[in-house]
Amino acid sequence: MRHGFITLEGPDGSGKSTQAALLAEKLQRMGLPVVLTREPGGTEVGVRLREMLLDPDTQLTVMTEILLMAADRAQHVEKVIKPALENNMIVICDRYIDSSLAYQGFGLLGDIRPVLGINEAAIQGIWPNLTILLDVEPKVGLRRHAALSPHRSSGDLDRIEQRDLAFHQRVRDGYHALQNIYKERFAVIDTTLLEIEEVDQKVWEVVVQRLKVGIC
Ligand code: TMP
């Protein structure tokens, strides 16, 4: 098989983290070397950046938010993603550059160009081989998110989840725009009416088809 860099993307509550873990488990069971990681927070520095970025009490300007997300990514690429790919491991990353393009670009600025420029510097040319977009309507996603985290009340959402529905709608529409821009590497699964196992099956089909896992 061809080793690869797979990212999972989607609005909050799309089930990415669950699916990333299920996919990693499956590949590991096949004896393949896998690194499962996430953004923000895939490094020690990233964990601290994540705390700051998601704390509702942090006051950030839009540009600071863009730069901190990109700083997390730069550290992550250099310390985790690049070395793993150089060692022919499969990297599964829960969110990557497309999250910044969707959330900060489409969601906050209404323009992805400045976000793209900054992030191109952060990723050193390391684009995913496959990006699986788990699509969900924002209302459904945020409801699902609350149900999966019963310890958190609705007043307990993180700094980004707390944004209004219009923001989350721009993020979702942004992902659809990205899917059109980067047709080659994007695969979309509409998760709205699907159970976790059904999404898992579809994710697997996409990975087998696109990355030829298990075939060569
Ligand atoms: P998570 O809960 O999926 O781990 O993501 C944390 C939040 O951070 C989520 O609301 C999306 C947001 N985010 C951005 O706004 N920009 C980014 O570049 C990344 C990686 C995440």
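## Basis of the values

Because the model is predicted, local features are given only where pLDDT is at least 70 and side-chain atom pairs count only at pLDDT 80 or more, whereas totals for chains, interfaces and linings use all residues. Residues are numbered from 1 along each chain as its sequence is written, and side-chain values use heavy atoms, with hydrogens and water left out.

## Nonpolar cores

A nonpolar core is taken here as a set of buried Ala, Val, Leu, Ile, Met, Phe, Trp, Tyr and Cys residues joined through side-chain atoms within 4.5 Å, where buried means under 20% relative accessible area, exposed means over 50% and partly exposed lies in between, with a 1.4 Å probe and protein chains only. The largest such core holds 32 residues, and the members that touch the most others are Phe5, Ile81, Tyr96, Leu101, Tyr103, Tyr175 and Leu178. Two or more residues each are given to this core by α2 (44–54), α3 (62–86), β3 (90–94), α4 (97–109), α5 (113–123) and α7 (165–181), and α3 supplies the largest share, with seven residues. These elements are DSSP runs numbered from the N terminus, helices being H or I over at least four residues and strands being E over at least two.

Leaving aside residues up to four places away in sequence, Phe5 touches Ile81, Leu85, Val91, Cys93, Tyr96, Ile126, Trp127, Pro128, Asn129 and Leu130, a contact being heavy atoms within 4.5 Å.

Strand β4 (residues 130–135) is largely enclosed by the rest of the structure, because six of its six residues are buried. Leu130, Ile132 and Leu134 point one way from β4, while Thr131, Leu133 and Asp135 point the other way. In a regular strand the side chains alternate between the two faces of the sheet.

Strands count as paired if DSSP finds at least two bridges between them. β4 pairs in the parallel sense with strand β1 (residues 5–9) over four bridges, and Ile6 stands opposite Leu130. Five bridges join β4 to strand β5 (residues 186–190), again with the two strands running parallel, and Ile132 has Ala187 in β5 as its bridge partner.

## Ligand surroundings

Around the ligand there are 14 residues, of which Asp12, Arg73, Arg95, Ser100 and Gln104 come nearest, a residue being counted if one of its heavy atoms lies within 4 Å. An oxygen atom of the ligand lies 2.9 Å from a polar side-chain atom of Arg73, and an oxygen atom of the ligand is 2.6 Å from a side-chain N or O atom of Ser100. For Gln104, a side-chain N or O atom is 2.8 Å from a nitrogen atom of the ligand. Of the 480 Å² of accessible area that the ligand has on its own, the protein covers 95%, the areas coming from the Shrake-Rupley method with a 1.4 Å probe. α2, α3 and α4 each give two or more residues to the shell around the ligand, and α4 gives the most, with four residues.

Arg95 sits in the loop between β3 and α4 and counts as buried at 11% relative accessibility. The side chains of Arg95 and Tyr103 are joined by a polar contact of 3.1 Å.

Leu165, in helix α7, is partly exposed, with a relative accessible area of 39%. Leu165 and Lys139 are 26 residues apart in sequence, with a C-alpha to C-alpha distance of 7.5 Å.

Methods. Polar contact = N/O pair within 3.5 Å; in protein donor to acceptor, adjacent residues only side chain to side chain.
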